[in-house]
Amino acid sequence: MNGDTPALHLDGIPPDTLRKVQPYLEPFQLSQAKLLEVSARLNKDMVLGLGKTTHHRAAVKMLPTFVRATPDGTEKGDFLALDLGGTNFRVLHVRVVEEEQKVLKMDSQICAIPKEIMLGTGEQLFDHIAACLGDFLVSQNLKGQTLPLGFTFSFPCEQKEIDKSILIRWTKGFNCSGVEGKDVVKLLKEAIHRRGDYDIGSVAMVNDTVGTMMSCGYKDQSCEIGMIIGTGTNACYMEEMRNVKRVEGEDGRMCINTEWGGFGDDGSLKDIQTEFDVVVDKTSINPGVHIFEKMISGMYLGEIVRLLLVRLAKDKLLFKGRTSEALRTPYTFETKFISEIEDLVNTLRILTDLGLEWESVDCAIVRLVCDTISSRSADLCAAALATITNRIRTNRGLSHLKTTVGVDGTVYRKHPKFSEKLRATVRRLAPECDITFLVSEDGSGKGAAMVTAVALRLARQSRLLEDSDGEVREEEEDE
């Protein structure tokens, strides 16, 4: 029947067939009670991650970022941003305009990192970055100015201060010697000093989730949560300092990078992992790691759908029991297909391209499977977000919280129903929280500049406070 528009209405799965397919989908359909249970488990894990003596064994790492405030709207000036997270890195010139409450990207440049530099010495890598930054300053007529810099470095790091970050290990094909265990800000500054033809001002290290929160925070000052649902998933939020036991000090707040993708790495999600999730985890490059991420992020959703389609075909509930070589090949069912299959014409094209013989009922079942898997992703994401919003509300002793989430990632942006489903579930799981979602514009560029701008504002305020304290003390002594 390939090629012709199906005679049967797409939604028309015969009741008998639907009854047989439903048991395969049920494990993905989580009740409100189960989602609230998942949310409570995450909160317990977050408390462990924040603890001074418990964080090392916590599945949810809760990393302090040393970002102590969100924008207040008074930030302004010119900033540089560096974004290193793959085979290319970007250099940006960002201008923060107070009068217009805008963060403007003035210009940017992408620089390639050749394979030999990715596998060479740390000195070669940072010399290469410093050279590209120097070229960019010349092209922008910024040489001679000493501008503050936001540095998005998307590798596992332990942050010690806002301008001190120790690389734990390389990932993404990098293996530069002499960098693991070292402070990447220091290595960058040393490379710039070796050149000697320009300088940079203060540096702020930025995680991509924090950048997402901060890029939205200038426009909307109630933005205190950053969330990414793309290839991977993560979130950050403003936690009360009194709860951040790993860092000295009780006053104020600090942004915590939750690393919530690791939720479940200690086995706490076993009861909601389906047999298909177990296969995805076991056949991944990092079995047992990032269990939560593997249930909800773009890297894995397509593969969960593929495994389920193969099982339904094997059990003669799909494609008359026949599959194709493409469908039997891991990761050939791409996550973007889940979004595209919302449209019937795309469904027919995708199934045909995968070499499958379909009938109208097959198209309907495939759409139902895709909808089920993406809905679970949105529900689990909502449960985790509800944990954070409820936590902020109780931390502050509020009966009602109004807050904004800065959000980014292809799954959130591209799937036509994902954001709607996520919002509806969060409303049910956190009824005392009124949540606005704001899609981030260039968190790793504008957000990195914003982190730097806020750090400078806080340093200025702190100096003014010290100066006024000094004046008061002098007056007291004169008396």
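R306 and E303 sit three residues apart in helix α9, so about one helical turn separates them (helices are DSSP runs of H or I with at least four residues, strands runs of E with at least two, numbered from the N terminus). This is a predicted model, in which local features need pLDDT of at least 70 and side-chain atom pairs pLDDT 80 or more, while totals for chains, interfaces and linings use all residues. Residues are numbered from 1 along each chain as its sequence is written, and side-chain values use heavy atoms, without hydrogens and water.

Select R306 and E303 together: their side chains meet in a salt bridge, 2.9 Å from N to O (a side-chain nitrogen of Lys or Arg within 4 Å of a carboxyl oxygen of Asp or Glu). R306 is buried at 5% relative accessible area, and E303 is buried at 4% (buried is under 20%, exposed over 50%, partly exposed in between, with a 1.4 Å probe and protein chains only).

Next, select R396 and E240, a salt bridge with its closest N and O atoms 3.3 Å apart. R396 lies in the loop between α13 and β12 and E240 in strand β10, so the pair ties together parts 156 residues apart in sequence. R396 is partly exposed at 22%; E240 is buried at 8%.

Then go to helix α12 (residues 344-353), where D353 and R349 lie four residues apart, about one turn. Their salt bridge has its closest N and O atoms 3.9 Å apart. D353 is exposed at 58%, and R349 is partly exposed at 37%.
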